[in-house]
Amino acid sequence: MDRITDKIANLAKALNKPVDPNNEYIDYKTLRKQYEAQANAEISQLQQRSKKARVEAIHGRSDLNPKWTFSNLVEDSDDVIEAVSIAQSFIAAHDDPAWRQSGSHMMIFYGDYGRGKSHIAGAIAHQLIEQYEISVLYRQLSTILEMRNFSFDFSASDNAGQRFREINHELLTVDLLILDEVCVNESILKKNAQSWFGNLLRQRLVNKKNCILITNHNLAELENALGRYCYESIREYDTYKVHFQGPSRRGVLSADQEEESSSAPPRYQPNQVR
């Protein structure tokens, strides 16, 4: 008859576990704890690899600039410091399931070019992806409207209609939609664009999906540019408005601008935020 140690050795071999070379007796409870600990460690590693793959897939679909993170954001003015504080509060709120189910939330970033609006919106998105696996889509509204216009060309052979239907489905279902350059170079959106955009926002509202809108208009100009129907859709959201008023962070382009900037103290770092 096999000894208990032989049985344990045979069991270990069958499970592809190492066999004690000293063939010492280990009681069942101790052995079970060892195997459970090893199994739990392997499951944890598998879960980490699976999460990493999911996060990478979300990043890949988001179309975010990888440089838009809090770590390389220069908080050198009051408006940026305030915006980061609001952004971190918005991110932290996702810890509360009741907040996430309470309704749809919208952030409106408005101010002149180069103030950091897109950068901070992207930083919010990157952190939500990493911490909560929130699906994100970043798009420029003007680009989407152009695609929508092309989709009406039924004689086209580039499948523009199908591609727009696919992107429209993403716009409706993604957890966080970031729309940049809202109404850029537009005094007023065309009526059909207003209706489409207003319906998009209302459907996302019903489905409790969040949005970030980025615009160069002030709020009064934005309301006029979007039209009443569309702006009323925005009012239905739990809305946070963030005004960016600091200096532009974009680099100088001309020799004259460079000479002017060289006489001023180098307070701001170019190309840090958009």
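Start by selecting helix H2 (residues 28-62) and helix H5 (residues 117-132), which pack at about 155 degrees with their axes 9 Å apart. Helices here are DSSP runs of H or I, at least four residues, and strands are runs of E, at least two, numbered from the N terminus. Axes are lines fitted to C-alpha atoms, for helices over the stretch in contact, and angles run from 0 to 180 degrees between N-to-C directions. H2 and H5 are therefore roughly antiparallel (over 145 degrees). Now show side chains: Lys51, Val55, Ile58, His59 and Ser62 of H2 meet His126, Ile129, Glu130 and Gln131 of H5, contact being heavy atoms within 4.5 Å.

This is a predicted model, where local features need pLDDT of at least 70 and side-chain atom pairs pLDDT 80 or more, while totals for chains, interfaces and linings use all residues. Residues are numbered from 1 along each chain as its sequence is written, and side-chain values use heavy atoms, without hydrogens or water.

Next, move along to the loop between H5 and strand S2 (136-140), and pick Glu133. Its phi is near 55 degrees, positive in a residue other than glycine. Glu133 is partly exposed, at 24% relative accessible area (buried is under 20%, exposed over 50%, partly exposed in between; 1.4 Å probe, protein chains only).

Then jump to Glu181, in the loop between strand S3 (176-180) and H8. Glu181 also isn't a glycine, yet has a positive phi of about 50 degrees.

Last stop: helix H10 (residues 228-235), whose buried residues are Cys230, Tyr231, Ser233 and Ile234. Among the elements covering them are strand S1 (105-111) and helix H8 (191-206).

Terms used
Parallel < 35°, antiparallel > 145°, perpendicular 65-115°, else oblique.
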